[in-house]
Amino acid sequence: MTAYATSKLACTGFGVTGGAHRLWTHRAYKAKLPLRIILMCCYCLSGQNSLFDWVRDHRIHHKYSETDADPHNSNRGFFYAHVGWLLIRKHPECIKKGRLIDMSDVLADPVIQFHQRHFMALKILFTFIVPSFIPWLFLGEPLYLSFLANCLLRYVLTLNFTWLVNSAAHIYGNKPYDSRIRPAENKTVSILSMGEGWHNYHHVFPWDYKAAEMGHYAVNLTTFWLDVFAKIGWAYDLKEPSKELVRRTLEKYGDGTHITTPIGHLKEVPEQESSKSR
């Protein structure tokens, strides 16, 4: 039961981080059809908004970060950035700017088209029915316990792990790459969100498929799975900035904590080309 619940939690996170975020929002890598289908199914486990809405909102967030057009503007406080923005109507400026975001690449993907057409059915199936019934039918788990642990608890945890990237990672942490912006490096958030907490780096280099400079899989589990899929050819054209560009940027704009950061930067990734195809 514990192994099943943990695997479901990881699959849910991978759908959000590896799919909605790094693939469809930032186009940080390319994925073949089997991987895109897997990512879509994993994303459905999260019970969040449609992929189209998720990608649009996140593209707005990056383009207009910490302004009234930002859906979860952290200048309005931790609670608002965490969940409050989902409880009220969007700011008029956010709605206005959202209509200008180019989503043609997303709409051209047949996997996204399928998800958009069957959004509610897929959400109910993958968020509530599948996680609850599999342990009951095949593992002998009482249905009520399976529903509480694998559905409700997992749902609440994954939502909050995602929201922490918008709140905590925009408020708490150091800024070794650009001290002029609010997003910060937050190791705790990165562990909980499978690698999304290295947020100062991510907002400076949003096209990096790792969403971080670090190569340690323990604090970036999404990168581990993308590297696995790259080895079998399902993920390819993985993008990342050159080491020289990163160095010049942090020396010019960083807060000076790149090496001596109190949250403990781990080993950097090996020297690699700016973009690699696998």
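Is glutamate 66 buried or exposed? I looked this up before anything else, in what is a predicted model. Glutamate 66 is buried, with a relative accessible area of 14%. The cut-off I used for buried is under 20% relative accessible area.

**Entry 1: two residues with positive phi**

I stayed with glutamate 66 and found it in the loop between α3 and α4, the latter running over 78-82. Its phi is positive, about 60 degrees, although the residue is not a glycine.

I then turned to alanine 211, which is not a glycine either and has a positive phi of about 55 degrees. I located alanine 211 in the loop between α11 (199-204) and α12 (221-231). Its relative accessibility is 2%, so I wrote it down as buried.

**Entry 2: what the record says**

I checked UniProt for annotated features. An unreviewed entry there places "domain: Fatty acid desaturase" at residues 11-206. I looked at that stretch in the model: 61% of residues 11-206 is helix and 1% is strand.

I took each span in turn. Residues 120-138 are 100% helix and 0% strand, with 26 Å between the end C-alpha atoms. Residues 144-165 are likewise 100% helix and 0% strand, and their end C-alpha atoms lie 31 Å apart.

**Entry 3: the largest pocket**

I searched for empty space next. Rolling a probe the size of a water molecule over the atoms shows where such space is left. The largest pocket has a volume of about 660 Å³. I noted 37 residues in its lining, and the closest to the pocket centre are Val16, Gln48, Thr158, Phe161 and Thr162.

Which helices each supply at least two residues of the lining? I listed α1 (2-25), α3 (51-63), α9 (143-166) and α10 (187-192). I also sorted the lining by residue type: 17 are nonpolar, 17 are polar and three are charged.

**Entry 4: one face of α7**

Which residues of helix α7 are buried? In this helix, residues 110-117, I found Val111, Ile112 and His115. Looking down the axis of α7, I saw that these buried residues fall within an arc of 95 degrees, so they line one face of the helix. The general rule behind this is that an α-helix has 3.6 residues a turn, so residues three or four places apart point the same way.

I then asked what covers the buried residues of α7. The cover includes α1, α2 (33-44), α3, α6 (104-107) and α8 (119-138).

Serine 50 sits in the loop between α2 and α3. It has a relative accessible area of 4% and is buried. Leaving out residues up to four places away in sequence, I found serine 50 touching Tyr43, His115, Gln116 and Phe119. One of these, His115, had already come up as a buried residue of α7.

Arginine 56 is in helix α3. Its relative accessibility is 19%, and it counts as buried because the cut-off is under 20%. Beyond its neighbours within four places in sequence, arginine 56 is in contact with Lys90, Gly98 and Met103.

**Entry 5: leucine 164**

I found leucine 164 in helix α9. At 18% relative accessibility, leucine 164 is buried. Its contacts, not counting residues up to four places away in sequence, are Phe78, His82, Ala169, Val189 and Leu192. I looked at His82 again for its distance along the chain. Leucine 164 and histidine 82 are 82 residues apart in sequence, and their C-alpha atoms are 6.2 Å apart in space.

**Entry 6: valine 246**

Valine 246 counts as buried at 4% relative accessibility. Where residues up to four places away in sequence are not counted, valine 246 touches Tyr177, Tyr201, Phe205, Glu213 and Pro241.

How far apart are the C-alpha atoms of valine 246 and glycine 98? I recorded a separation of 30 Å, for two residues that are 148 residues apart along the chain.

Key:
Residues are numbered from 1 along each chain as its sequence is written. This is a predicted model: local features need pLDDT of at least 70, side-chain atom pairs count only at pLDDT 80 or more; totals for chains, interfaces and linings use all residues. Side-chain values use heavy atoms; hydrogens and water are left out. UniProt positions are given in the numbering used here, feature names are shortened, and annotations may be inferred rather than shown by experiment. Helices (H or I, at least four residues) and strands (E, at least two) are DSSP runs, numbered from the N terminus. On a 1 Å grid over the protein atoms alone, a cavity is a set of points where a 1.4 Å probe fits but cannot get out, and a pocket is an open set with protein on both sides within 12 Å along at least five of seven lines; lining residues have an atom within 4 Å of a point. Grid points are joined across faces, edges and corners, and a volume is the space filled by probe spheres set on the points. Ala, Val, Leu, Ile, Met, Phe, Trp, Tyr, Cys and Pro count as nonpolar, Asp, Glu, Lys and Arg as charged, and the others, Gly among them, as polar. Buried means under 20% relative accessible area, exposed over 50%, partly exposed in between (1.4 Å probe, protein chains only). The arc is that of the directions from the helix axis to the C-beta atoms. Contact means heavy atoms within 4.5 Å.
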